[in-house]
Amino acid sequence: MSESTPDFATVGVLGLGTMGAGIAQVLAASGRAVVAVETDTARLDAGLATVAAFLDEGIARGKVTEADKRAVLDRITGTISIADLHGADAVLECVTENAEVKTALFTEVAAVVGDRVPLLTNTSALSVTDLAAGLPDPGRVAGLHFFNPAPIMRTVEIVRALQSEEELIDRLVALVDTLDDKVAVVVDDRPGFLINALLLPYLNDVVAEYDEGLATAEDIDTALELGLGYKTGPLKLLDMIGLDVHLHATEAAHAATGDARYAPPPLLRRMVAAGRLGIKAGHGFRTAPSREENN
């Protein structure tokens, strides 16, 4: 773990759900102090437990030591008060994919941290330019888009809004360079950015073909993992991402572009309506309830 903190020594993280917890872990592992903000103590405790559990898995695999775990957890300060973000060098929001919620939260944060502290968003589907438009000094707003699970996935998209100052983009590239095994990719602000613009239609096509009975979920994943060298098959990936998360992202891209490639396939909607959201729900394309749960 790096002990140097060349920039952004203290980072606020808004939301400690799946993405926020992973990002808080990554930032803390780089030697930075993290102020993690949640709406209530139950959510905060759950988020901190998620970080601890992920680190425990790393210990079990021999990738993390007990000392590493203690150091990471010691660098994360949990709070339910946005006022505790005062003094942060940057704030990254990881809350629900709702533009009104994000804008309202950023407005509240801006009043606490001042006009020059960077406000960053981990959105995967919303316009960073639109989020920046209603804030004081919108040049300090940019996207810092991690992928799930954040401690493992290497790519981080740095999204340049129309208002983003170039100096901020350069600082974010330097930040990502200090994070363990992460690689920064600078992209313009457009629906899906870069990776999701390519990934969403691909996943939609796979779901549609599966619904047509092309092959079993297991065989589709095996074919693409072995035949194309993909690390994770598409249906297994959807279970990891969360089918509801993918549905929201592809709906947002479709609404923004009108491109039929982003239109959610009917089976995806039915799966989400049935609560079959993937790993987090215990049921998805490749995830199924245990026999005991069915009895």
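Strand 1 and strand 2 pair in the parallel sense, over five bridges; two strands count as paired here if DSSP finds at least two bridges between them. Helices (H or I, at least four residues) and strands (E, at least two) are DSSP runs, numbered from the N terminus. This is a predicted model, in which local features need pLDDT of at least 70 and side-chain atom pairs count only at pLDDT 80 or more, while totals for chains, interfaces and linings use all residues. Residues are numbered from 1 along each chain as its sequence is written, and side-chain values use heavy atoms, with hydrogens and water left out.

Let's stay with those strands for a moment. Leu 14 stands opposite Val 37 in strand 2, and Val 37 in turn has Thr 79 of strand 3 as a bridge partner. Strand 2 (residues 33-37) and strand 3 run parallel too, joined by four bridges. As for strand 1, four of its five residues are buried, so the rest of the structure largely encloses it. Buried means under 20% relative accessible area, exposed means over 50%, and partly exposed is in between (1.4 Å probe, protein chains only).

Val 35 is a handy residue to look at in strand 2. It is buried, with a relative accessible area of 13%. Leaving aside residues up to four places away in sequence, Val 35 touches Thr 10, Val 11, Gly 12, Val 13, Thr 77, Thr 79, Asp 84 and Leu 85; contact means heavy atoms within 4.5 Å. For a sense of scale, Val 35 and Pro 266 are 41 Å apart in space, C-alpha to C-alpha, and 231 residues apart in sequence.

Axes are lines fitted to C-alpha atoms, for helices over the stretch in contact, and angles run from 0 to 180 degrees between N-to-C directions.

On to the helix pairs. The axes of helix 9 and helix 10 come within 6 Å and cross at roughly 95°. The two helices are therefore roughly perpendicular to each other, on a scale where angles under 35 degrees count as roughly parallel, over 145 as roughly antiparallel, 65 to 115 as roughly perpendicular and the rest as oblique. Leu 238, Asp 239 and Ile 241 in helix 9 meet Leu 243, Val 245 and His 246 in helix 10. Those contact residues divide into four nonpolar, one polar and one charged. Here Ala, Val, Leu, Ile, Met, Phe, Trp, Tyr, Cys and Pro count as nonpolar, Asp, Glu, Lys and Arg as charged, and the others, Gly among them, as polar.

Helix 7 (residues 195-211) packs against helix 11 at an angle of about 85°, with the axes 8 Å apart. That makes helix 7 roughly perpendicular to helix 11. Asn 204, Val 207, Tyr 210 and Asp 211 of helix 7 make the contact with Leu 267, Leu 268 and Arg 270 of helix 11.

What about charges? Side chains of opposite charge can pair when their charged atoms come close. The whole structure has 18 salt bridges, each a side-chain nitrogen of Lys or Arg within 4 Å of a carboxyl oxygen of Asp or Glu. One of them joins Arg 116 and Asp 137 (2.3 Å, N to O). This pair links distant parts of the chain, 21 residues apart: Arg 116 is in the loop between helix 4 (99-113) and strand 5 (119-121), and Asp 137 in the loop between helix 5 (128-133) and strand 6 (141-145). Arg 116 is partly exposed at 49% relative accessible area, and Asp 137 is partly exposed at 24%.

Lys 236 forms another salt bridge with Glu 225, with the closest N and O atoms 3.2 Å apart. Lys 236 lies in helix 9 (residues 234-241) and Glu 225 in helix 8 (residues 217-227), so the pair ties together parts that are eleven residues apart in sequence. Lys 236 is partly exposed at 32%, whereas Glu 225 is buried at 19%.
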